[in-house]
Amino acid sequence: MSLDFAPLTAWWLLALVCLPVAALVAWALLSRTRGALLRAGAGAALALAIANPVINEEERAPLSTVVPLIVDRSQSQKLTDRVETTDAALQALRDRLERFPQFEVREVEAGNSEGGGAETETRLFDALASAIRDVPPARIGGAIMITDGQVHDVPTGEETGLPPNVPLHALTTGREDEFDRKIEFTQAPRFSITGQPVAMTYHVVDSGAGDESGAVEVQIFLNGELVATDIAIPGQETPLDLSLDRAGANIIELAVDELPGELTLANNRAVAEMQGIRENLRVLLVSGEPHSGERTWRNLLKSDASVDLVHFTILRPPEKQDGTPINELSLIAFPTRELFVEKIEDFDLIIFDRYQYRNVLPSLYYDYIAEYVRGGGALLVAAGPEYAGENSIANTPLVTALPAKPTGVVTAQGYFPRISDEGRRHPVTRDLEGGQAEPPNWGRWFRTIDVETPDGVIAMNGADNRPLLVLNRFGEGRVGMILSDQGWLWARGFEGGGPHVGLYRRMAHWLMKEPELEEEALTASTDGQTLTIRRQTMEDEVAPARLRSPSGVETEVDFQNQGNGIFTARIEADEVGLYEITQGDFSTLAHAGPVDAPEFRSMISTTEILEPVAEASRGSIRRLADASDALRVPTILPVRANGTAFGGDWIGLRTTGETELLGVTRYSLFSGFLGLALLLLVLSGMWLREGR
């Protein structure tokens with residue numbers, strides 16, 4: 001209850017009237033005038049009546065005490081029997097807290113992302129802050145955490161994440177005698193030049209196992225294939241030199257032997273993602289004679305900063321004799337032996353542009369070129385009319401590597417180069433700009449070199465549906481043939497031109513085995529929590545894939561046909577780590593989450609991380625399981641604000657004294673009969689005294 005005033009007039013007006021009256025009453029009292037006390041009482045009663053004193057009676061209800069209950073659902077909590085321990089302890093706490101209606105329990109699960117996937121860090125104190133964000137500090141009675149102790153956002157210094165004197169109680173899952181082995185990279189660059197060794201370091205750590213064990217064997221995988229084995233001493237940093245064999249994304253994986261009885265095998269593998277960068281590609285372009293399309297090839301290859309181009313044009317073949325003295329010729333002799341014997345392996349791609357056999361190269365050198373392709377090299381033949389003549393390179397030992405032999409006929413008529421049915425599935429021509437329309441949205445060509453039924457894939461057709469672009473594998477290498485010399489019409493913009501840059505560049509990169517341009521390929525990538533599997537094939541259908549999660553769970557995944565030989569599948573990744581996908585003879589890897597996620601650095605149950613925070617908050621930390629694996633959930637007791645918050649088998653939660661105002665009842669002292677009687681009593685007493 002409280003006293004308040006609700007004056008019937010303004011305070012300044014009341015003061016203006018009461019001050020003279022008070023002065024007269026004071027003079028009367030000082031001069032000891034008879035009846036002065038009664039006059040003072042009457043004046044005071046009248047002033048109080050005008051001031052209207054009011055008694056306020058408040059109706060209040062006690063507020064509940066908020067208790068956040070934070071449950072760790074991180075990936076490390078899925079080990080051994082921690083899930084069962086957590087669920088059992090959580091249910092026991094719910095039952096015990098229900099006996100106290102003054103506690104408002106706010107249960108929050110932390111460690112799982114909103115999309116259902118695993119977080120890369122266990123951030124329990126962020127979850128605690130979210131649970132009490134809208135609660136005044138005086139209403140928080142304490143916090144309870146159920147966790148394995150591996151928490152990555154523990155406050156530093158004297159911070160506890162709670163108001164002062166509010167206890168934090170941590171209930172720890174797992175056993176005290178756990179031990180584990182892990183392997184991790186200590187140095188791994190993100191980029192490396194293909195074919196050159198890159199220096200990395202890693203170490204093996206045995207935690208909680210007492211004395212460190214002896215040397216262990218480490219398997220080294222590159223893009224899923226075992227490439228080497230190494231010996232490491234636990235606790236010591238070990239160097240590793242490895243060369244990437246392809247450009248683009250590469251996954252390097254280290255696997256260490258199991259430590260008998262260890263906690264988990266999830267961190268017995270370490271993964272590093274590295275982008276392979278090719279050094280400048282060395283391309284040898286040999287033009288048999290000057291012609292309109294020669295500059296198109298040269299400009300395209302010179303415009304690519306990643307290409308080192310060596311270009312020769314045969315201006316004066318050996319059989320040309322016109323009597324010009326040798327000392328007056330300024331031509332450079334063609335270095336045949338240096339290019340095709342000594343340094344042929346240095347080239348990533350050899351292009352014969354309208355080249356013909358004219359005694360520039362000895363016949364034996366063509367056999368060297370065929371062996372270069374068979375061993376993994378790349379050859380591109382841009383054929384002109386000479387390919388159908390007597391001096392065709394098809395009449396040399398190089399014919400063994402060529403996918404198509406000429407018939408001797410050259411068709412000269414206008415036509416639109418068209419993508420074939422196979423070409424619509426082949427990555428070189430699949431989505432070539434303008435090729436989906438009929439007729440294609442590009443200019444015409446006017447010459448085709450007829451060939452016999454070629455080997456490999458006919459990706460494009462020319463006049464009368466004859467082969468125009470042929471792509472074939474020969475041994476370990478690849479060969480491409482363009483059976484026309486009129487691609488330069490697209491470069492010159494004839495009839496709107498065409499996608500010569502895209503076509504030529506894709507052909508060159510396919511010949512040099514770029515992974516993105518493989519006809520048969522299985523790839524996988526992750527975007528957030530979504531794992532996308534992509535199967536590229538020349539077939540009409542594909543069988544389901546097998547997906548193996550980081551924890552070893554295998555599932556079957558069906559593909560969706562996207563058309564033109566592309567099949568995809570999307571899966572929500574609910575674990576952080578390396579996923580292995582296999583489909584038929586193909587396999588690939590994809591890593592979800594950071595490759596060095598804190599969640600996997602240490603997975604042994606511990607009380608050391610949260611102990612300083614629990615002590616600073618005057619709370620407690622204890623294990624839920626004893627030596628006999630019996631569950632021990634502490635009893636819950638309400639305690640005073642400054643009382644002890646824990647004991648041997650109990651934890652305390654302080655109760656709040658906060659209340660909620662429901663309503664106010666006001667009683668005016670001078671209203672009604674009570675006020676009237678008081679005024680009449682005083683005034684009548686004064687009148688009676690004056691009457692005497």
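The following conversation goes through several features of a predicted model.

Colleague: How many aromatic pairs does the structure hold?

Modeller: The structure holds 9 aromatic pairs. One of them joins phenylalanine 100 and phenylalanine 103, with 5.7 Å from centre to centre and 55 degrees between the planes. That pair is tilted.

Colleague: Are phenylalanine 100 and phenylalanine 103 buried or exposed?

Modeller: Phenylalanine 100 is buried, and phenylalanine 103 is buried as well.

Colleague: What about phenylalanine 340 and phenylalanine 352, and why is that pair called tilted?

Modeller: The ring centres of phenylalanine 340 and phenylalanine 352 are 6.5 Å apart and the planes stand at 35 degrees, so the pair is tilted. Planes under 30 degrees apart would count as stacked, and planes over 60 as edge-to-face.

Colleague: Which parts of the chain does that pair tie together?

Modeller: Phenylalanine 340 belongs to helix H6 (residues 336-342) and phenylalanine 352 to strand S17 (residues 349-353), so the pair ties together parts that are 12 residues apart in sequence. Phenylalanine 340 is buried, at a relative accessible area of 0%. Phenylalanine 352 has 1% relative accessibility and therefore counts as buried.

Colleague: Which residues form an aromatic cluster with Phe340?

Modeller: Phe352 and Tyr355 form one aromatic cluster with Phe340.

Colleague: Turning to charges, what lies over the face of phenylalanine 347?

Modeller: Arginine 282 lies over that face, 5.1 Å from the ring centre of phenylalanine 347. In another place, the ring of tryptophan 510 has the charged end of arginine 478 over it, 4.9 Å from the ring centre.

Colleague: Where does arginine 295 lie?

Modeller: Arginine 295 lies in helix H5, which covers residues 294-302. Its relative accessibility is 56%, so arginine 295 counts as exposed. The C-alpha atoms of arginine 295 and tryptophan 488 are separated by 8.4 Å, while the two residues are 193 residues apart along the chain.

Colleague: On to the strands. In what sense do S29 and S30 pair?

Modeller: Strand S29 (residues 560-563) and strand S30 (residues 566-572) pair in the antiparallel sense, over 3 bridges. Glutamine 560 has threonine 568 of S30 as its bridge partner. The hairpin of S29 and S30 has 2 residues between the strands, and asparagine 564 in that hairpin takes a positive phi near 55 degrees.

Colleague: What is the order of the strands in the open sheet of 5 strands?

Modeller: The order is S8-S14-S13-S10-S11, and the pairing is mixed. Strand S8 (191-193) and strand S11 (225-232) are the edge strands, each pairing on one side only. From one strand to the next, the twist averages 30 degrees.

Colleague: How many bridges join S10 to S11?

Modeller: Strand S10 (residues 216-222) is joined to S11 by 7 bridges, and the two run antiparallel. Valine 218 has aspartate 230 in S11 as its bridge partner.

Colleague: One last topic: what volume does the largest pocket have?

Modeller: The volume of the largest pocket is about 1,500 Å³. Its lining has 44 residues, and the closest to the pocket centre are Asn223, Arg246, Ala249, Pro515 and Thr523.

Colleague: Which strands each supply at least two residues of that lining?

Modeller: Edge strand S11 is among them. At least two residues of the lining also come from each of strand S13 (248-256), strand S24 (477-482), strand S25 (521-527), strand S26 (530-536) and strand S32 (586-592).

Note on methods. Residues numbered from 1 in each chain as written. Predicted model: local features only at pLDDT ≥ 70, side-chain atom pairs only at ≥ 80, totals over all residues. Heavy atoms only, no water. Phe/Tyr/Trp six-rings, centres within 6.5 Å; stacked < 30°, edge-to-face > 60°. Buried < 20%, exposed > 50% of the residue type's maximum accessible area, 1.4 Å probe, protein only. Helix = DSSP H or I, 4+ residues; strand = E, 2+ residues; numbered from the N terminus. Lys NZ or Arg CZ within 6 Å of the ring centre and 35° of its normal. Pairing = 2+ DSSP bridges. Axes fitted to C-alpha atoms, helices over the stretch in contact; angles between N-to-C directions. 1 Å grid on protein atoms, 1.4 Å probe; cavity = no way out; pocket = protein on both sides within 12 Å on 5 of 7 lines; lining within 4 Å. Points joined across faces, edges and corners; volume = space filled by probe spheres on them.
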